[in-house]
Amino acid sequence: MGRNAGALGLDFGTTNTTLASLGRPLPLGETGATLLPSALAFVPSGAMLVGDPARHRRAMDPMNTLVSTKRVLGAALGSEEAKRFAASTPYKLSERAGEVALETRCGAFRASDVARLVTTQALTLAGLSSLAVPILVVGVPATFTRSRRSTVIDAMRSLGFADVRVVDEPVLTAVAYVGRSSVRRGLVFDLGGGTFDVALIDGTTFPFRVLAQGGDAYLGGDDVDRALAQRVRERVLRESGWDLASDPVAFDKLVHAVERAKVRLTFDDAVLVEIAEVDPAAPTSVASVRLTRAMLSDALAPLVTRMMTIVDEVLARADTAPNDLDAIFLAGGSTRLPGLREALEARFGKRTRHDVDPSCTVAIGASFVAARPELAQLFAG
Ligand SMILES: Nc1ncnc2c1ncn2[C@@H]1O[C@H](COP(=O)(O)OP(=O)(O)OP(=O)(O)O)[C@@H](O)[C@H]1O
Ligand SMILES: [Mg+2]
C-alpha cells in the first residue's frame, strides 16, 4: 500500500503519461522524471516492459511495442479512428468488448489496457496506491465521445480508484494557468508528440466552457522528428552515398537520435548527430551531421503553416478576432520548439502564456480540479 497523496490528476497522453497532486507533477521513480512514456512492449521471453524501456524497443520490434494507442482509446474496430490508426501503424487489429485491440506475441491489448498498465506503473513509481486516492481526475480530448469517456472511467475504476472524473484537456490546461480567476476568451494551443489541439475557452463561468475547437490528430513532435530525419538522410546520401531510409530499423534509429537533438536545439544553436553503422557492410562507419536551428525552422515551417490555418478556423467558428483573445495558453512539449512562440505572438499580436510546464498542464489542471471535489461534481462524467 503506497502513501496517501490525496486527490490526483492524470494525463494519459498519446506520448507521455503524467500524474500530479495539488498542482505539482509527481516524480516518477528515482530519476525524478515526471513523464512516463505511454508505451508497452513484450520481449521474446514474454516479459512486459512499460515506459522508457518499452519505447526503446520500438525500432527493433514494432509489432510488439505498443505506442500512441490513445488514438484508438475506446474506439470500435469499424470507426474512423481505427481506420486511420491501421493505415499509419504496423499492428494487426482485432476487437474486444467493442474496443480496438492490438495483437502482440502475448495476446491482444486494447488502448484501455495500455492506459491501465501505464497508469499502474506510474502509481508504483510515485509510491502511491489507487485505493488511497479519494478522487481521480483524468484529462480527455475535447473530441472524445461519451462512450470513449466511459471507457476511460471504467478502466480507471478497475484499478481501484473509487471516484473517477473526466474533464476536457484544454479546460484543464486553462485551469492550470488561471485557477479560478476568470479569463473571458482564452485560446489553448496544445502541440504534443502526436497530436495538435486548439480550443477556444470561455472562462467567465466555472467550469470553463469549450466554445470551439479544432486540431489534427496526426500532427505533433513526431512529424517534426520525421521531417528533420529526412533532411539528415538527404545530407548523408549526398555526402557519403549511404541511404539511411533503405532499412526501416536504421531510419527509426535516426528518428530517435534526431528527436534528442531536436530537444537540445531549444538550448543550443547547433547539435552534432552521429549515426553509427550507417553502412551495414562496415560496422565501424559513422556519419555525423550538424543540425542547426536554421535546419529545424526550415523543417518546421510547413507544419507551422498548417497549425495557423487550424487556429484561424477555430477563431472563425466562434466569431472571435485575435484582438478578442485575453490569453494564449501553451501546452504540450513541442511548444518548446524554438521560434514557435514567437511565430504565434507575431501572428496574434499577443504574448503567449508558458509559465506552467507545458508537458504537465493537463495533469496539473486535473489535480487542481480533483482537490476541490465540489468542483469535480460540476463536470459531467
Ligand atoms: N525542448 C523541446 N523542444 C522541442 N520538442 C520537445 C521539447 N521537449 C519535448 N518535446 C517534444 O514534446 C513531445 C511530447 O509532448 P507531450 O509530452 O506534451 O505529448 P503528449 O501529451 O503525450 O502527446 P499528445 O499531446 O500528442 O497526446 C515529443 O515530441 C518531444 O520530442
Ligand atoms: Mg497532450
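This is a predicted model: local features need pLDDT of at least 70, side-chain atom pairs count only at pLDDT 80 or more; totals for chains, interfaces and linings use all residues.

Sorted by type, the residues around ligand 1 come out as 13 polar, 3 charged and 2 nonpolar.

I found 18 residues surrounding ligand 1, and Thr14, Asn16, Thr195, Glu259 and Lys262 are the closest. Which helix gives the most to the shell? That is α7, residues 248–264, with 3 residues.

Then I went through some polar contacts. The side chain of Thr14 has an N or O atom 2.4 Å from an oxygen atom of ligand 1. At Ser334 I looked to the backbone instead: a polar atom there is 3.3 Å from an oxygen atom of the ligand. For Arg336, I noted a polar side-chain atom 3.3 Å from a nitrogen atom of ligand 1. How much of the ligand does the protein cover? I get 91% of the 660 Å² of accessible area that ligand 1 has on its own.

On to the helices. I picked α5 (residues 169–178) and α10 (residues 361–370), whose axes come within 7 Å and cross at roughly 75°. An angle of 65 to 115 degrees counts as roughly perpendicular, so that is how I logged α5 and α10.

Last, I listed the contact itself. From α5 I wrote down Glu169, Leu172, Thr173, Val175, Ala176 and Tyr177. They meet Thr361, Val362, Ile364, Gly365, Ala366, Phe368 and Val369 of α10. By type, I have 9 nonpolar, 3 polar and 1 charged in the contact of α5 with α10.

Note on methods:
Residues are numbered from 1 along each chain as its sequence is written. Chains are lettered from A and ligands numbered from 1 in the order in which they are written. Side-chain values use heavy atoms; hydrogens and water are left out. A residue is near a molecule or strand if one of its heavy atoms lies within 4 Å of it. A polar contact is a pair of N or O atoms within 3.5 Å; within protein, one must be able to donate a hydrogen and the other to accept it, and residues adjacent in sequence count only if both atoms are side-chain atoms. Accessible areas come from the Shrake-Rupley method with a 1.4 Å probe; for residues, only the protein chains shown count as cover. Helices (H or I, at least four residues) and strands (E, at least two) are DSSP runs, numbered from the N terminus. Ala, Val, Leu, Ile, Met, Phe, Trp, Tyr, Cys and Pro count as nonpolar, Asp, Glu, Lys and Arg as charged, and the others, Gly among them, as polar. Axes are lines fitted to C-alpha atoms, for helices over the stretch in contact, and angles run from 0 to 180 degrees between N-to-C directions. Angles under 35 degrees count as roughly parallel, over 145 as roughly antiparallel, 65 to 115 as roughly perpendicular and the rest as oblique. Contact means heavy atoms within 4.5 Å.
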